[in-house]
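Subject: Handing over a model, with notes on its salt bridges

Hello,

Here is the structure I promised to pass on to you. My notes follow below it.

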Amino acid sequence: MSDEADNRGSGMDEAAQASSAASGRRGVGAYGWYALIVLVLVYAINFVDRQIISILAQDIKRDLHLDDAQIGFLYGTAFAVFYALFGIPLGRLADSWYRGRLIATGLALWSGMTALSGFASSFHMLGLARIGVGIGEASASPAAYSMISDYFPKARRATALSIYSSGLYIGGGLSLPIGALVSSRWNHLHPNPATAPLHLAGWQAAFLAVGIPGLLLALWVLTLREPQRGASDGLPQPVVREGAWRSFGAELVAILPPLTLIAAAANGTLAANLMGLAGITFAALGLIRLTGDAPQWVAYGIGAYAIYSWVLVLHRRDKPTWQLIWGSPTVVMLAIAFGSISFITYAVSFWAAPYALRTFYAGPADAARYLAGATARDEASLIIGTTAAIAAAVGVISGGILADAWRRRDPRGRVFVNILAVVLPLPAVAIMFTTRSLPLFYAMSPVAQLFGSMWVGAAVATLQDVVLPRMRATAGATYVLGTTMVGLALGPYFAGKMSVVTGSLAGGIAWLYVVPPFTLVALWAGANRLAALEESKVERARLAGEPV
């Protein structure tokens with residue numbers, strides 16, 4: 001990979017520059033804001049279905065006889081690997097087909113698979129359902145990022161994407177009280193699953209309760225109008241490109257093992273593909289031997305190999321897109337750095353509720369609360385969930401506003417917001433997982449969420465700005481790759497594994513913080529290359545064969 005063209009002139013003619021500037025000054029219509037609200041609801045449902053396993057973890061562990069590493073696998077790796085894999089071809093499809101229809105189809109799929117999680121009776125069955133949820137959810141964000149970037153001009157893009165990203169935290173926060181409420185009420189009415197309707201335990205009923213409403217929301221999403229692709233940047237392009245589904249099929253072949261070998265042979269990359277497969281297999285076997293966690297590293301190895309295979313094929317099939325994303329070390333470094341932030345945030349968010357239950361609600365006091373009509377889980381989920389939802393939503397939106405304002409003064413401003421989001425939550429997280437005071441734990445949780453959520457919209461907007469309009473969903477899928485393969489697939493599992501090793505969940509969380517020093521170095525280095533990347537993107541795409 002090379003950035004040798006990064007410092008060349010933009011190559012954009014004066015008319016295109018004037019058009020882009022005019023679009024940046026243009027206001028946003030009422031329909032754009034309406035569509036954004038609908039997409040926020042989709043993202044909230046997305047994260048309710050994804051995060052609800054956190055508050056149900058203790059019951060799932062008990063009924064399915066699991067340990068923390070397995071719970072981390074179900075929440076993180078089982079979901080994340082397939083979310084990342086299908087995010088690539090679905091992101092490419094979103095760059096050439098109707099994005100609203102794609103989001104609606106995926107919403108129906110992941111909601112159905114969430115409901116099916118309610119019928120799981122083993123680790124493997126629940127793992128397969130989580131894989132299905134991951135595949136369905138992979139359709140949403142790359143397409144939504146692309147739609148929002150066409151509804152909103154560049155000057156307001158980080159703000160709009162931050163508002164969209166607030167759905168992540170709203171859904172994640174609401175999933176805790178919703179899951180606890182449904183589960184505890186079901187268990188109260190049906191204490192014996194053998195005599196309950198459909199023989200369901202409370203945690204299974206909770207999966208059903210949150211899965212079914214998404215099917216109705218999918219019908220609403222189908223009514224959204226498609227914005228003109230690229231118009232907000234003065235580079236209008238067709239909404240639908242010829243052969244979109246044929247290209248999607250080719251992308252699936254390029255990324256799904258063992259079909260990857262067929263695509264590699266057809267594109268002249270078989271030798272490199274086999275070398276990569278051998279290296280990844282060797283690494284996965286080593287990690288299995290070291291940790292004893294075969295499902296984790298088999299799944300992760302499959303994901304890593306599939307991504308590697310797809311990048312090789314992308315270089316042959318769409319060199320302009322490859323050049324602007326994977327052909328730029330700076331973009332790849334930033335995507336990994338953004339993922340390393342989510343390595344911390346996913347783990348802290350997921351394990352906060354189980355940690356509170358284990359640390360502050362064990363013993364006779366819990367029994368007293370239960371007899372009084374309010375279980376420990378209800379209390380913990382309500383306080384942690386609602387305060388986290390409010391604080392994180394405020395944090396992500398204010399972070400986007402700050403990022404847009406800072407960027408107007410300095411092209412590195414959005415990345416600087418990411419740096420703040422790494423540093424500012426550290427004291428609050430340290431206090432949360434070391435204090436013996438429950439009120440102090442509850443007080444620090446929203447502080448950690450407020451500062452830890454500031455980065456999301458700024459990160460997405462940063463990658464959107466370094467590619468051409470037709471590549472936006474692919475850039476969004478690349479962002480998702482970072483946050484899932486580096487963050488979601490590793491963070492919760494790593495904290496859970498280190499919890500098993502150290503005998504303390506607090507110790508597992510502490511081990512996460514070996515990563516931030518590397519994150520900060522990468523963000524600082526990437527920030528200093530951004531202006532050159534944005535200025536040269538049209539010229540670099542043209543040199544790679546793009547007809548612009």
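How many salt bridges does a search of the whole structure find? It finds 20, where a salt bridge is a side-chain nitrogen of Lys or Arg within 4 Å of a carboxyl oxygen of Asp or Glu.

Before the details, some ground rules. This is a predicted model, so local features need pLDDT of at least 70 and side-chain atom pairs count only at pLDDT 80 or more, while totals for chains, interfaces and linings use all residues. Residues are numbered from 1 along each chain as its sequence is written, and side-chain values use heavy atoms, with hydrogens and water left out.

**Asp 68 and Arg 358**

One of the salt bridges joins the side chains of Asp 68 and Arg 358, at 2.7 Å from N to O. Asp 68 sits in helix 4 (residues 68-94) and Arg 358 in helix 15 (residues 329-360), so this pair ties together parts that are 290 residues apart in sequence. (Helices are DSSP runs of H or I with at least four residues, numbered from the N terminus.) Asp 68 is buried, at 6% relative accessible area, whereas Arg 358 is partly exposed at 29%. Here buried means under 20% relative accessible area, exposed over 50%, and partly exposed in between, with a 1.4 Å probe and protein chains only.

**A salt-bridge network**

Arg 157 pairs with Asp 465, and their closest N and O atoms are 3.3 Å apart. Since Arg 157 belongs to helix 8 (residues 157-189) and Asp 465 to helix 21 (residues 456-465), the pair ties together parts that are 308 residues apart in sequence. Both of these residues, Arg 157 and Asp 465, are buried.

Arg 414 and Asp 404 form another salt bridge, with 2.8 Å between the closest N and O atoms. Arg 414 is in helix 18 (residues 413-423) and Asp 404 in helix 17 (residues 376-409), 10 residues apart. Arg 414 and Asp 404 are both buried. Through shared partners, salt bridges join Arg 157, Asp 404, Arg 407, Arg 414, Asp 465 and Glu 534 into one network.

**A nonpolar patch**

On the surface, Tyr 34, Ile 37, Leu 41 and Trp 220 form a nonpolar patch with about 360 Å² of accessible area together. Patch members have over 30% relative accessible area and no salt bridge; nonpolar side chains (Val, Leu, Ile, Met, Phe, Trp, Tyr) are joined within 5 Å, like charges within 9 Å. The areas come from the Shrake-Rupley method with a 1.4 Å probe, and for residues only the protein chains shown count as cover. Helix 2 (residues 30-51) gives the largest share of the patch, three residues. Leu 41 is found in helix 2 and counts as partly exposed, at 35% relative accessibility.

Best wishes

Methods. Helices (H or I, at least four residues) and strands (E, at least two) are DSSP runs, numbered from the N terminus.
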